[in-house]
Amino acid sequence: MRLPDFVLSWRDRLVSSERFQAFAERFPLTRPIARRRAAALFDIVSGFVYTQTLLACLRLDLFEMLRAQPLAPAEIAARTGLPEEGARRLLDAACAIGLLQARSGGRVGLGPHGAAVLGNPAVAPMALHHPLLYEDLADPVACLERGPGGGALARYWAYARNAEPGALADEAVGAYTDLMAASQPMVARQILDAYDISGHRRLMDVGGGAGAFLRAAATRAPKTELVLFDLPPVARAAAVRFAAEGLDGRIETVGGSIFTDALPAGADAISLVRILHDHDDDEALAILKAVRAALPAGGTLLVGEPMAETPGARAVTQAYFGLYLWAMGSGRPRTPAENADLALRAGFARTRLVKTRMPLVASLLVATA
């Protein structure tokens, strides 16, 4: 529930008062709140240092190093090549934010967040490519002033604002295709846990990248025909992966650009997994119109991606993805209502939001043609 503006204005005047802050720190009933708010504010101020601590741990392969057993700081220093004092400084920082944890005998082992990194293969590649985003946001005001794209992240995502994405060379799409392949399984799990695709005869994943979503779908729905549609170099790379995994007879690949080529007919369900928020409104609407044209009456569209204004996920969608997509040069986080409105404008008859277990990872909008 949103508070009235006059209440928020009163709160702002109160909290911005040094006198009130001093009182809140002293008064027993407000002291815990003051401490939590101060810690949260300092987390925002120092967040860059936390991300760099994670990046250092990943580059030094500390989590894998400590997977089997805790080690003494001197042993960690020797294995990483860091001077012992530098290693201790990193270990202290990583322990403070839960990536690592002090163990008996002065040793250091995995912390709860570090163990979670090992259990989520998407985290490492995401964090390892973030220096491109850091470069773009080194001067955030300049990044916002120059308009979307134009920096390191835009060069990494080669298709963003590219007039002819279908003509991209294989090497131009390799890096971001690999990143999507690593991060897609956690999104696929949210979508497939929330929606049973086995009732569909033929599912086409548009913009499917290396095919992580369809590989997961193949396990969930062994009788459903599967098709991947993506840019020609991406589709070629996916076909190679499918063949290597013995899935070339299970998943069909089709190369093309959704903006210039008609989608193959025959699917009664089409998925857009983290596709719409990568595109500006006009392009997103064009994608939805192309999907609607490829579906029969009664066909189903699945839109799975983090969505704005989602309770518990606003920091991810509006802060992280909002600035990430700006730096990338294309797209914006949309609310479920905005995505539903685009789908209706594209010719879909109705939409519904399906709850996922982790909306921070992905929400799911289902539209019926």
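Okay, one definition to begin with: two strands count as paired if DSSP finds at least two bridges between them. Keep that in mind while you look at the model, which is a predicted one.

By that rule, β3 and β4 make a pair, running in the parallel sense over 5 bridges. If you want a spot to look at, find leucine 203, which stands opposite leucine 226 in β4. Now, is β4 enclosed or open? Largely enclosed by the rest of the structure, because 5 of its 6 residues are buried.

That takes us to the inside. In soluble globular proteins, nonpolar side chains tend to be buried together. Here, the largest nonpolar core has 31 residues. Leu263, Ile270, Leu272, Val291, Leu301 and Phe348 are the ones with the most contacts inside that core. Which elements give two or more residues to it? On the strand side we have β3 (202–206), β4 (225–230), β6 (269–273), β7 (300–305) and β9 (363–368), and then there are the helices α15 (281–294) and α17 (336–345). Of these, α15 gives the most, with 7 residues.

Let's zoom in on leucine 272. Setting aside neighbours within four places in sequence, what is leucine 272 in contact with? The list has Ile287, Leu288 and Val291, then Leu301, Leu302, Val303 and Gly304, plus Asp205 and Val206.

Now for the outside. Leu41, Phe42, Ile44 and Val45 form a nonpolar patch on the surface, and together they have about 470 Å² of accessible area. Leucine 41 belongs to helix α3, residues 31–59. Why do we call leucine 41 exposed? Because its relative accessibility is 54%, and the cut-off for exposed is over 50%.

Most residues other than glycine have a negative phi. Aspartate 61 has a positive one, near 60 degrees, and you'll find aspartate 61 in the loop between α3 and α4 (62–65). Arginine 274 isn't a glycine either, yet its phi is positive, at about 55 degrees. That arginine is in the loop between β6 and α15.

So are these two buried or exposed? Aspartate 61 counts as partly exposed because its relative accessibility is 42%. Arginine 274 counts as buried, since its value is 10%, and buried means under 20%.

Methods: Residues are numbered from 1 along each chain as its sequence is written. This is a predicted model: local features need pLDDT of at least 70, side-chain atom pairs count only at pLDDT 80 or more; totals for chains, interfaces and linings use all residues. Side-chain values use heavy atoms; hydrogens and water are left out. Patches are made of residues with over 30% relative accessible area and no salt bridge: like charges are joined within 9 Å, nonpolar side chains (Val, Leu, Ile, Met, Phe, Trp, Tyr) within 5 Å. Accessible areas come from the Shrake-Rupley method with a 1.4 Å probe; for residues, only the protein chains shown count as cover. A salt bridge is a side-chain nitrogen of Lys or Arg within 4 Å of a carboxyl oxygen of Asp or Glu. Helices (H or I, at least four residues) and strands (E, at least two) are DSSP runs, numbered from the N terminus. Buried means under 20% relative accessible area, exposed over 50%, partly exposed in between (1.4 Å probe, protein chains only). A nonpolar core is a set of buried Ala, Val, Leu, Ile, Met, Phe, Trp, Tyr and Cys residues joined through side-chain atoms within 4.5 Å. Contact means heavy atoms within 4.5 Å.
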